[in-house]
Amino acid sequence: MSFEITKATKGERVKFNNPNPAFYEALGYNGMQELMYKFYDEIYHGDIAHFFPQDHGEFEEVKKRNTKFFIQICGGPSIYDDEMRGKDLDQYMIDIHKNFSIYLKSRDEWLGTFRSVLMELDIDQAIKDDFWDYLDKFSKLTVNRWPKESAYLY
Ligand code: HEM
């Protein structure tokens, strides 16, 4: 199945590949921006909106930094580098998310939102699947609140 959310488990060594540059090549700079803005607009109105700044101007800044990151990670120009001052990009991303309590459910919601914008995107499915694989895997590393061993619920 396309766009499957695979299970995240505590302490797992997650192996992931950065997205194939074909995704960035298919969308271009403007297409990437459009995609990320759509994603964030859905986030703003969804169940994990409370994680993000409620102030409109601040939210716009997050949107912009996020767009730069995704352009860079997808093989576009290195326009996010300024933000991280020489640190390892993956570790920096994980660390940023430590500022927030991200549960399994938050990851599901985040990925669910991404899934809905990707479904509307009219490019080759194999290219989308590869991008999804990055999101599905890397997002496991942003989860930092795990259920108690005996709990069935998140
Ligand atoms: C593939 C997985 C993910 C990637 C690549 C990613 C990427 C990013 C990027 C680039 C930023 C902006 C960093 C900056 O300020 O420079 C960000 C911020 C953020 N992300 Fe993620 N993210 C991922 C998963 C998640 C998940 C699952 C959540 C769940 C809630 C989440 C919540 C947030 C929040 C709350 C912020 C910060 C907003 C703020 O600065 O106030 N992210 N993320």
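A helix axis here is a line fitted to C-alpha atoms over the stretch in contact, and angles between axes run from 0 to 180 degrees between N-to-C directions. Keep that in mind for the helix pairs below. The model is predicted.

**How the helices pack**

Start with H1 and H5. Their axes cross at roughly 105° and come within 9 Å. Angles of 65 to 115 degrees count as roughly perpendicular, and H1 and H5 are therefore roughly perpendicular to each other. On the H1 side, the contact uses Ala 22, Phe 23 and Ala 26. On the H5 side, it uses Ile 127, Asp 130 and Phe 131. These residues of the H1 and H5 contact split into 5 nonpolar, no polar and 1 charged.

Now take H4 and H5. They pack at an angle of about 170°, and their axes lie 11 Å apart. Are H4 and H5 roughly parallel or roughly antiparallel? That angle makes H4 roughly antiparallel to H5, because angles over 145 degrees count that way. H4 brings Leu 111, Phe 114 and Leu 118 to the contact. H5 answers with Lys 128, Trp 132, Leu 135 and Asp 136. The residues of this H4 and H5 contact divide into 5 nonpolar, no polar and 2 charged.

The two pairs can be set side by side.

| Helix pair | Axis angle | Axis distance |
|---|---|---|
| H1 and H5 | roughly 105° | within 9 Å |
| H4 and H5 | about 170° | 11 Å |

An α-helix has 3.6 residues a turn, so residues three or four places apart point the same way.

Look again at Leu 135, which lies in helix H5. Leu 135 touches Leu 111 and Phe 114, leaving aside residues up to four places away in sequence. Leu 135 counts as partly exposed because it has 19 C-beta neighbours inside 10 Å, and a buried residue needs 20 or more.

**Helix H2**

H2 covers residues 56–73. How far apart should the ends of its 18 residues be? At 1.5 Å a residue, H2 should span 26 Å.

The buried residues of H2 are Thr 67, Lys 68, Phe 69, Phe 70, Ile 71 and Ile 73. What covers these buried residues includes helix H1, residues 22–45. After H2 comes Gly 75, whose phi is positive, near 95°.

**Around the ligand**

The ligand is surrounded by 21 residues. Which of them are the closest? They are Phe 51, Arg 65, Phe 69, Trp 110 and Ser 139. By type, the shell around the ligand holds 13 nonpolar, 5 polar and 3 charged residues.

Several helices build this shell. H2, H3 (89–97), H4 (104–119) and H5 (125–138) each give at least two residues. H2 gives the largest share, 4 residues.

Phe 51 sits in the loop between H1 and H2. Phe 51 has 15 C-beta neighbours inside 10 Å, so it counts as partly exposed. Its C-alpha atom is separated by 14 Å from that of Glu 61, which is 10 residues apart from it along the chain. Leu 135 and Phe 51 are 84 residues apart along the chain, and their C-alpha atoms are separated by 19 Å.

Met 93 has its place in helix H3. Met 93 is partly exposed, because 17 other C-beta atoms lie within 10 Å.

Phe 3 is found in the segment before H1. Phe 3 is not a glycine, although its phi is positive, about 55°. Is Phe 3 buried or partly exposed? With 19 C-beta neighbours inside 10 Å, Phe 3 counts as partly exposed.

Methods. Residues numbered from 1 in each chain as written. Predicted model: local features only at pLDDT ≥ 70, side-chain atom pairs only at ≥ 80, totals over all residues. Near = placed C-beta within 6 Å. Nonpolar A, V, L, I, M, F, W, Y, C, P; charged D, E, K, R; others polar. Parallel < 35°, antiparallel > 145°, perpendicular 65-115°, else oblique. Contact = placed C-beta atoms within 7 Å. Expected span 1.5 Å × (residues − 1). Buried ≥ 20, exposed ≤ 12 C-beta atoms within 10 Å, placed from the backbone.
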